[in-house]
Amino acid sequence: MAPFNKRQIGYIKAIADVGGHTTYAHKFLNADYSLAKLTATDTHDSKGKYAFVSIGDAPKVYTSGSTDTTHAINDSRNWFHSINAYTIPVNTDETAVNGSQRVTPECYLESVHARLRLIQQLDVTDDAKSHQEYRMVVFRHKERQCSDERYAENFSNPLYDMFLGCDNYKCGPLGIRTKTSINGNNDYVGQANQRNDIQSLMCNMINKEDYVVMKDVRFYLGKEYGGKHIYEDTLHWDHADPIATEANDLTHNESNNKNYTWYIAFFCTTNGPDVVADFPYVRIDTTTHVTSG
């Protein structure tokens, strides 16, 4: 059956008398609203840097050498960040509920809106770092991924297969995907060669067999580009999904099989022969709109 459209959902909510309480939960990438350099890691060729952010808690995925157990994708990786945009606890006491809570397990996840700013520092002593090239990719897997593997349908790891390499391997900044086992699990292998160097990561095509791309942009920041040192963008997910769950995390539900886990990947390079990129100051914050009651 086709999903309900927004007009039908509005009618259902009115008949069921749902939506008396409105939640706008404001979440930040960092502990607060402060602007800080995003922790990143070097590419294999040590000529560029990259970092990932997930909208929602980090999902469970397969890793290199692991085809039967899953791990959180951010395990031991301080450069993989998450914003818990879907954490909306239930507080049935309507006299004490705050703006980041819902009043019933049954609710509607209306939307998630994200704002981001990247700021390149201009007054640096190393002239080679005063202008850099960036790539930002916003994407998700076609199948459901989740931080609770009970609700996940897919455990693909974009760090190994988000791109299509020039030799037809699916690859990512950490390695490649070589084959799929007989039981459907992916086989990931760490690599340190031409598939994972910063120039490949800046121009490889996205693996659209497995992933849906919302945005893939390249831009330059620094004094050599007219003094432009700030990149701003907004991202909006208009969900309007009915959800019923006692869990704090709205994605831990059996109401649908939708994949709410979106990744934002950042890649950065100076394009200099011997200069490692310096990652910019980054601020990302989200607003999650939920109605309940």
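Mentor: This is a predicted model. By class, four charged, six polar and three nonpolar residues make up the lining of the largest cavity.

Trainee: How much space lies in the largest cavity?

Mentor: The structure holds three cavities of 30 Å³ or more. The largest cavity has a space of about 70 Å³.

Trainee: Which residues that line the largest cavity are the closest to its centre?

Mentor: The lining of this cavity counts 13 residues. Those closest to the centre are Gln145, Cys146, Ser147, Thr251 and Thr261.

Trainee: What is the aromatic pair of Phe139 and Tyr211, stacked or edge-to-face?

Mentor: The ring centres of Phe139 and Tyr211 lie 5.4 Å apart, and their planes stand at 80°. Planes over 60 degrees apart count as edge-to-face. The pair of Phe139 and Tyr211 is therefore edge-to-face.

Trainee: Where in the chain do Phe139 and Tyr211 sit?

Mentor: The pair links distant parts of the chain, 72 residues apart. Phe139 is in strand 9 (residues 131–141), and Tyr211 is in strand 15 (residues 211–222).

Trainee: Is Tyr211 buried or exposed?

Mentor: Buried means under 20% relative accessible area. Tyr211 has 2% relative accessibility, so Tyr211 counts as buried.

Trainee: Which residues form one aromatic cluster?

Mentor: A search of the whole structure finds 16 aromatic pairs. One aromatic cluster is formed by Tyr50, Phe52, Trp79, Phe80, Phe139, Phe163, Tyr211, Tyr263 and Phe267.

Definitions and conventions:
Residues are numbered from 1 along each chain as its sequence is written. This is a predicted model: local features need pLDDT of at least 70, side-chain atom pairs count only at pLDDT 80 or more; totals for chains, interfaces and linings use all residues. Side-chain values use heavy atoms; hydrogens and water are left out. Rings of Phe, Tyr and Trp (its six-membered ring) pair if their centres lie within 6.5 Å; planes under 30 degrees apart count as stacked, over 60 as edge-to-face and the rest as tilted. Helices (H or I, at least four residues) and strands (E, at least two) are DSSP runs, numbered from the N terminus. Buried means under 20% relative accessible area, exposed over 50%, partly exposed in between (1.4 Å probe, protein chains only). On a 1 Å grid over the protein atoms alone, a cavity is a set of points where a 1.4 Å probe fits but cannot get out, and a pocket is an open set with protein on both sides within 12 Å along at least five of seven lines; lining residues have an atom within 4 Å of a point. Grid points are joined across faces, edges and corners, and a volume is the space filled by probe spheres set on the points. Ala, Val, Leu, Ile, Met, Phe, Trp, Tyr, Cys and Pro count as nonpolar, Asp, Glu, Lys and Arg as charged, and the others, Gly among them, as polar.
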